[in-house]
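This briefing goes through a protein structure by topic. Please look at the sequence and the model before reading on.

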Amino acid sequence: MTGTPLPEGGARFQRTLTTPKIVFIVIAAAAPLAAMLFTVPLAFAIGTGPGVPAMFLFAGLTLLCFSAGYAAIARRISHMGGFYTHIAHGLGKRAAGGAGLLAVLAYNAATVGVLGAFAYFTRNVAASHGLDLPWQVWAGLGLLLVALLGYREAEISARLLSVCMVCEIAILVALDIAVLARHGGAALPSASFAPHDVFAPGLGVSVMFGFASFLGFESAALYGEEAKAPHRSVPRATVIAVLAVASFYALTSWVAVGALGPGRVRAEAGSHLGDLFFRLSDGYLGRPATVTMQVLLCTSLFASWLALHNAANRYMYALSRDGLLPAALHAPHAGHGSVHRSSVVQTVFSTVVVILFAAAGLDPYVNMSTTMLGLGTLGIILLQAVASVAVIGYFRHRGEGRWQTVVAPALGALGLITAAVLVVWNFDVLTGTTDPVVTDLPWLLLMVGGLGFALVSWLRSARPDRFARLGGVTVSVPAPPPTAPAGEPSGSLSQAAP
């Protein structure tokens, strides 16, 4: 079992993260409560209605196949570069360059998207209880807190995220128990897994929302250099996160179908959408629990924002360490051992986007959140698909078990490619607009990926020493032939660098 050596000049981070802490970080990025409150009602209304729980299971099984290969390569490669590093080892440095810049764009976009949702819903919840402040104020307060936490080591964020995640899951588990206690077996209707409901019109939309709800679970590998035992904790955290999120999503959406009734779920969701689960909470838990759920929605979005902020930081740090982004980002904090400069850049980027949207008078949710989350979701799904193929490439000549290194990654790649196609096909549904400026955004992902590919190709010929260290993959670089003294012919022998 071999780890990836740190690139030349690489910093040593404090290894404080255990498997449970990484699990909390990656599940928090998926924002389980926010996913249930907003993704599930949409999937009910314009997707397959009562068949939505089966789509969560399908997405979970696909991502479990992805995780099998992801875990296999994570046991061998421990690096802050995540997908970027794995793709470098499995598909080569050019593909990794494209994937790395794509990851930076996708995670930064997703971070801004969640920021917009946090500002919008926190403003609405606070206003409903008498504290009516502009959304820009809530965005500013959130940016300040995220900046402070992102500036410090990941250990502090992990503690806060664990509290947020436990609370948001607890309130939904309480709702599940209340529905099951009142309806018994009828709360889990067989219609949710009946073929005519699972494969009903709207199947593509349901699959798209199913995969979108797992956003961020794969970020465990980004903490490989901060984990106590990365070769064990990163693979375990990834698999645990998939199993936990898939089970939770499938069960809660299934119970919601039972509470509403399979024949009425589509109409009820279409009428109430974002208020659907609040109405269920009012009916089964009471108004105090609903108020608690509203507050926890805000903390859920904040937790997701912080987790995605940290993931974007680590990609920027890893790429700056390899020379694909400005070298100034590659400097961990002397006291905290954190990627503080990348955190500052991400915060500044988010602040500029907020200012631009606010100055244009655009809505933080309808315009900023949906657009940026749509772009980020598609980018991350594409990265997951390429990473699955990279696992196959990495183990091609290593004689490992075929299930974990060939079959499972291939199935994962097939499912993820399908999901990516569905997201592109339904991008207007995911973003809530048919404006060409938004619906053409997927081309931006291809442009950025192509830019990374071209940049690495240029480094191969112009900066072979930097090319050799990309992605933690060391290759031999020919040294220039010695310069012959004046009057003597130059030699013909060259020396290979180790």
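S253 is buried, because its relative accessible area is 0% (buried means under 20% relative accessible area, exposed over 50%, and partly exposed in between, with a 1.4 Å probe and protein chains only). The model is predicted, so that local features need pLDDT of at least 70 and side-chain atom pairs count only at pLDDT 80 or more, while totals for chains, interfaces and linings use all residues. Residues are numbered from 1 along each chain as its sequence is written, and side-chain values use heavy atoms, with hydrogens and water left out.

- S253 lies in helix α10; helices here are DSSP runs (H or I, at least four residues), as strands are (E, at least two), numbered from the N terminus.
- S219 sits in the loop between α9 (203-212) and α10 (230-260), and with a relative accessible area of 3% S219 is buried.
- The C-alpha atoms of S219 and I25 are separated by 8.5 Å, with the two residues 194 apart along the chain.
- F302 belongs to helix α13 (residues 287-321) and counts as buried because its relative accessible area is 7%.
- From C-alpha to C-alpha, F302 and L145 are 9.6 Å apart in space, and they are 157 residues apart in sequence.
- L373 is in helix α15, where a relative accessible area of 24% makes L373 partly exposed.
- L373 and A117 are 256 residues apart in sequence, with 9.5 Å between their C-alpha atoms.

**Helix packing**

- Two packed helices are described by the angle between their axes and the distance between the axes.
- Here axes are lines fitted to C-alpha atoms, for helices over the stretch in contact, and angles run from 0 to 180 degrees between N-to-C directions.
- Helix α4 (residues 83-91) packs against helix α15 (residues 364-394) at an angle of about 40 degrees, and their axes are 7 Å apart.
- α4 is therefore oblique to α15 (angles under 35 degrees count as roughly parallel, over 145 as roughly antiparallel, 65 to 115 as roughly perpendicular and the rest as oblique).
- The crossing of α4 and α15 is left-handed, meaning that the near helix is turned anticlockwise from the far one by less than a right angle, whereas clockwise gives a right-handed crossing.
- α15 also crosses helix α19 (residues 442-462) at roughly 45 degrees, and the two axes come within 9 Å.
- That angle makes α15 oblique to α19.
- The crossing of α15 and α19 is right-handed.

**Salt bridges**

- The structure holds three salt bridges (a side-chain nitrogen of Lys or Arg within 4 Å of a carboxyl oxygen of Asp or Glu).
- R123 pairs with D132 in a salt bridge whose closest N and O atoms are 3.0 Å apart.
- R123 is partly exposed at a relative accessible area of 29%, whereas D132, at 52%, counts as exposed.
- R264 and E268 form a salt bridge through their side chains, at 2.9 Å from N to O.
- R264 has a relative accessible area of 46% and is therefore partly exposed.
- R287 forms a salt bridge with D282, with 3.5 Å between the closest N and O atoms.
- R287 is partly exposed, with a relative accessible area of 46%, and D282 is partly exposed as well, with 36%.

**Surface patch**

- V344, V348, V352 and L356 make up a nonpolar patch on the surface, with about 330 Å² of accessible area together.
- Patches are made of residues with over 30% relative accessible area and no salt bridge; like charges are joined within 9 Å, and nonpolar side chains (Val, Leu, Ile, Met, Phe, Trp, Tyr) within 5 Å.
- Accessible areas come from the Shrake-Rupley method with a 1.4 Å probe, and for residues only the protein chains shown count as cover.
- V352 is part of helix α14 (residues 340-359), and at 41% relative accessibility V352 counts as partly exposed.

**Backbone**

- Most residues other than glycine have a negative phi, and most peptide bonds are trans.
- A31 is not a glycine, although its phi is positive, at about 50 degrees.
- A31 is found in the loop between α1 (19-30) and α2 (32-46), and A31 is buried because its relative accessible area is 5%.
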